[in-house]
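Hi everyone, thanks for having me. Let me put the model up on the screen, and then we'll walk through it together.

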Amino acid sequence: MAEVHEIADGIFRIATFIPEANITFNQFLIADEKPLLFHTGQRLLFPLTLEAVRQVIDPSRLRYISWSHLEADESGALNEFLQIAPQAEAVHSELGVVVNVNDFAIRPAKTIGDGEVLDLGRHKLRFLITPQVPHCWDAILAFEETTGTLMASDLFTQLGEKTSMTSGDMVERTMASHKQLPTYIPVSQHTARVFDRLEALRPGVLACMHGPAFSGDAVQALRDLRTALFSEPDRELTTIGGGAEPARRS
Ligand SMILES: [Fe+2]
Ligand SMILES: [Fe+2]
């Protein structure tokens, strides 16, 4: 059974905890004139996710489906949702569409550019092209401007079953989980530039894919996560789009 919880005005967190994996998988439904689902969940979870969407809207009304990067938990049930919702379009970057979606999806996708805003009605979703952040070449992130909600994907992944929403410390728990997933997020100067962009958006809510959503000083949470990631002594640094030295920020 998936839990449904409104984390910001019109934005619903759909959460399924899988005890065997000790992790929660979260999808986010933006209920609006043109409803958008960010993350589909795995195909295996599709019946649960579908029922959860149905608690908020008629799933056949879904207009857009988007996700950060092509992984089973982020986009595994894309085609199942495209079949349920005949008007729905998959939305991703040109890179994501060319490399993955054109082959994977049952219908052509809508391509969005860096900084492009998708008008959903009351909600305006701005997309950021962020290759390798949180991970995977095709990665994108998104920011809902009306509510100040950042679709943070895997940035704040926390293992274990948690509350649906928190305003407490996210970073200590995130880094504890990262100790079990040491190559989870590549860290480079490119990563630092993405953090610059995310912090400049001044989000107030973090819609995290694994673990609770966050409401509060999300800019500080991002700064603290950046500092923690770049401070890990045994992290293998990657050099995507920049030099080998990590950017530090106090
Ligand atoms: Fe991921
Ligand atoms: Fe994920």
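So, which residues coordinate the iron ion (ligand 2)? They are Asp-73 (OD), Asp-154 (OD) and His-210 (NE2), at 2.2 to 2.4 Å. Donors here are N, O and S atoms within 2.8 Å of the metal (3.2 Å for Na, K and Ca), and water is not among the atoms, so sites may look incomplete.

Some housekeeping before I go on. This is a predicted model, where local features need pLDDT of at least 70 and side-chain atom pairs count only at pLDDT 80 or more, while totals for chains, interfaces and linings use all residues. Residues are numbered from 1 along each chain as its sequence is written, chains are lettered from A and ligands numbered from 1 in the order in which they are written, and side-chain values use heavy atoms, with hydrogens and water left out.

Back to the metal. Along the sequence, the donor residues of the iron ion (ligand 2) follow the spacing D-x80-D-x55-H. The iron ion (ligand 1) sits 3.5 Å from the iron ion (ligand 2), and Asp-154 coordinates both. When I say helix or strand, I mean DSSP runs, numbered from the N terminus: helices are H or I with at least four residues, strands are E with at least two. Asp-73 and His-210 are both buried. Buried means under 20% relative accessible area, exposed over 50%, and partly exposed in between (1.4 Å probe, protein chains only).

One open sheet has 7 strands in the order 1-2-3-4-5-6-7, with mixed pairing. Two strands pair if DSSP finds at least two bridges between them. At the edges are strand 1 (3-8) and strand 7 (110-112), each pairing on one side only. On average, neighbouring strands of this sheet are turned by 25° against each other, direction ignored. Inside this part, strand 3 (residues 23-30) and strand 4 (residues 36-38) run antiparallel and are joined by 3 bridges. Ile-30 has Leu-36 of strand 4 opposite it.

What lies across strand 1, strand 2, strand 3 and strand 4? That's helix 1, running at about 150° to strand 2 (11-18). For these angles, axes are lines fitted to C-alpha atoms, for helices over the stretch in contact, and angles run from 0 to 180 degrees between N-to-C directions. Contact means heavy atoms within 4.5 Å.

Phe-46 and Phe-81 form an edge-to-face pair, 4.9 Å centre to centre with 85° between the planes. Rings of Phe, Tyr and Trp (its six-membered ring) pair if their centres lie within 6.5 Å; planes under 30 degrees apart count as stacked, over 60 as edge-to-face and the rest as tilted. Phe-46 is in helix 1 (residues 46-54) and Phe-81 in helix 3 (residues 78-84), 35 residues apart. Phe-46 is buried at 12% relative accessible area, and Phe-81 is buried at 0%.

The other open sheet I'll show has 7 strands in the order 8-9-10-11-13-14-12, again with mixed pairing. Its edge strands are strand 8 (117-119) and strand 12 (165-166). Strand 8 and strand 9 make a hairpin with 4 residues between them, and Gly-121 in the turn has a positive phi of about 130°. Those two strands run antiparallel, joined by 3 bridges, and Asp-119 stands opposite Lys-124 of strand 9. Strand 9 then pairs with strand 10 over 5 bridges, in the antiparallel sense.

Helix 6 (residues 189-200) lies across strand 9 (124-129), strand 10 (140-144) and strand 11 (149-153). Helix 7 (residues 218-231) lies across strand 11, strand 13 and strand 14, at about 55° to strand 13.

Last stop, the largest nonpolar core: it has 28 residues, and Leu-155, Phe-156, Leu-198, Leu-206 and Leu-225 touch the most other members. A nonpolar core is a set of buried Ala, Val, Leu, Ile, Met, Phe, Trp, Tyr and Cys residues joined through side-chain atoms within 4.5 Å. Which element gives the largest share of this core? Helix 7 does, with 7 residues.
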